[in-house]
Amino acid sequence: MPRTLFINANLACLDGTSGYGLRTQAALLVDGDRIDWIGSMQDYPAVDGAEVFDCAGRLVTPGLIDCHTHLVYGGDRADEFELRLEGASYAEIAESGGGIMSTVNATRAASADELFAQALPRALQLLGEGVTTLEIKSGYGLDSANEIKMLRVAVMLQQELGVRVQKTFLGAHALPPEFAGRSDAYIDLVCNEMLPGAHAEGLVDAVDVFIESIAFSVEQGERVFACAQELGLPIKAHVEQLSDLGGAAMAAQRGAMSVDHLEYLDAGAVGLLARHGCVAVLLLSLIHISEPTRPELVSRIPSSA
């Protein structure tokens, strides 16, 4: 296995001390996929045959993990930003045919190669920011063929980029127009055909459900979770994004790895999540302002997650 010695680095060791365990003027030795040694520049070992990488004072962090992405999709919703600025709500846009359904239409129309070409620069941007493990959800196909197409593209990205990709089946993301007024029938399709078919191809690492007033009920989400767990798959959930339906509590009690969004989570449910070891993934709208003095990230260190 190759050995690499990183020198002249600022290391975020995350060892519990202040400042993210920051060690300045430091070095580390990586042996294959393991960190073999960390210390000061004065003490680093001489290693015959190792590649030496001069970090020139850059910040080196553990590989970052993006645990919630919808990286594979067709089209865009740029026009909806203007609607939101004019006061339209997420629910209003969705109810008028925008939001998820506009992306579903574009995703269904795109080939796997087209989806790959659109997703690749998105993934490269994440890698450039230090991400070495990412989750990619389906959920914009809403039928067997297109959900599987999305998950296959996630595999293509993993093979192309050499990073770890966790594939999450999100067939219960929205009700497709061909099932209007028949949400229970669509959940039957998810449980009896869509999820088992994707799982049979080895394309599913976890199963997600959007539990919300504009999507699926707590009871319907529980049906999908029961199917997933029969297949031996871990579960997670989009919950409490627009209202508090109790989806987070249900998912946690069923052993969910995480519950995501949580803008309307009741404070009383926080302790329940903790007791069940369920990770709360907060997804809030933020404005990012980059600082010109931000250290460049070096993301060659493998993620330990």
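Before I look at how two helices pack, I note that a helix axis here is a line fitted to C-alpha atoms over the stretch in contact, with angles running from 0 to 180 degrees between N-to-C directions. The model I am reading is predicted.

**Entry 1: helices H7 and H8**

I looked up helix H7 (residues 183-200) and helix H8, and found that their axes come within 10 Å and cross at roughly 10°. Because angles under 35 degrees count as roughly parallel, I record H7 as roughly parallel to H8. For the contact itself I listed Ser183, Asp184, Ile187, Asp188, Val190, Cys191 and Leu195 on the H7 side, which meet Gln220, Arg223, Val224, Cys227 and Ala228 on the H8 side. Sorted by class, this contact of H7 with H8 holds seven nonpolar, two polar and three charged residues. I then asked what H8 (residues 218-230) lies across, and noted E8, strand E9 (206-211) and strand E10 (236-239), with the helix running at about 175° to E9.

**Entry 2: the sheet**

I followed the strands and found an open sheet of seven, in the order E6-E7-E8-E9-E10-E11-E12, with parallel pairing. Its edge strands are E6 (64-66) and E12 (279-282), each of which pairs on one side only. From one strand to the next, I read an average twist of 20°.

Going through some of the pairs, I noted that E7 (residues 131-137) and E8 (residues 164-172) are joined in the parallel sense by five bridges, and that Lys137 stands opposite Thr168 in E8. E8 and E9 pair in the parallel sense over three bridges, and Phe169 has Val207 in E9 as its bridge partner. For E9 and E10, also parallel, I found two bridges, and here Phe210 stands opposite His238 in E10.

I checked E9 residue by residue and found six of its six residues buried.

**Entry 3: Gln241**

Leaving out residues up to four places away in sequence, I found Gln241 touching Tyr90, Phe210, Glu212, His261, Glu263 and Tyr264. Phe210 in this list is the residue that stands opposite His238 in E10.

**Entry 4: the whole chain and its confidence**

I counted ten helices and 13 strands in the chain, and its C-alpha atoms fill a box of roughly 70 × 45 × 45 Å along the principal axes. Of the 305 residues, 44% are buried. Among contacts between residues at least 6 apart in sequence, 65% join residues at least 24 apart.

The mean pLDDT of the chain is 90, with 92% of residues reaching 70 or more. Over residues 286-305, however, pLDDT stays under 50, and there the model has 36 contacts beyond four places in sequence. Where pLDDT is low, the predicted coordinates should not be read in detail.

Note on methods: Residues are numbered from 1 along each chain as its sequence is written. This is a predicted model: local features need pLDDT of at least 70, side-chain atom pairs count only at pLDDT 80 or more; totals for chains, interfaces and linings use all residues. Side-chain values use heavy atoms; hydrogens and water are left out. pLDDT is the predictor's confidence in each residue, from 0 to 100. Contact means heavy atoms within 4.5 Å. Two strands pair if DSSP finds at least two bridges between them. Helices (H or I, at least four residues) and strands (E, at least two) are DSSP runs, numbered from the N terminus. Angles under 35 degrees count as roughly parallel, over 145 as roughly antiparallel, 65 to 115 as roughly perpendicular and the rest as oblique. Ala, Val, Leu, Ile, Met, Phe, Trp, Tyr, Cys and Pro count as nonpolar, Asp, Glu, Lys and Arg as charged, and the others, Gly among them, as polar. Buried means under 20% relative accessible area, exposed over 50%, partly exposed in between (1.4 Å probe, protein chains only).
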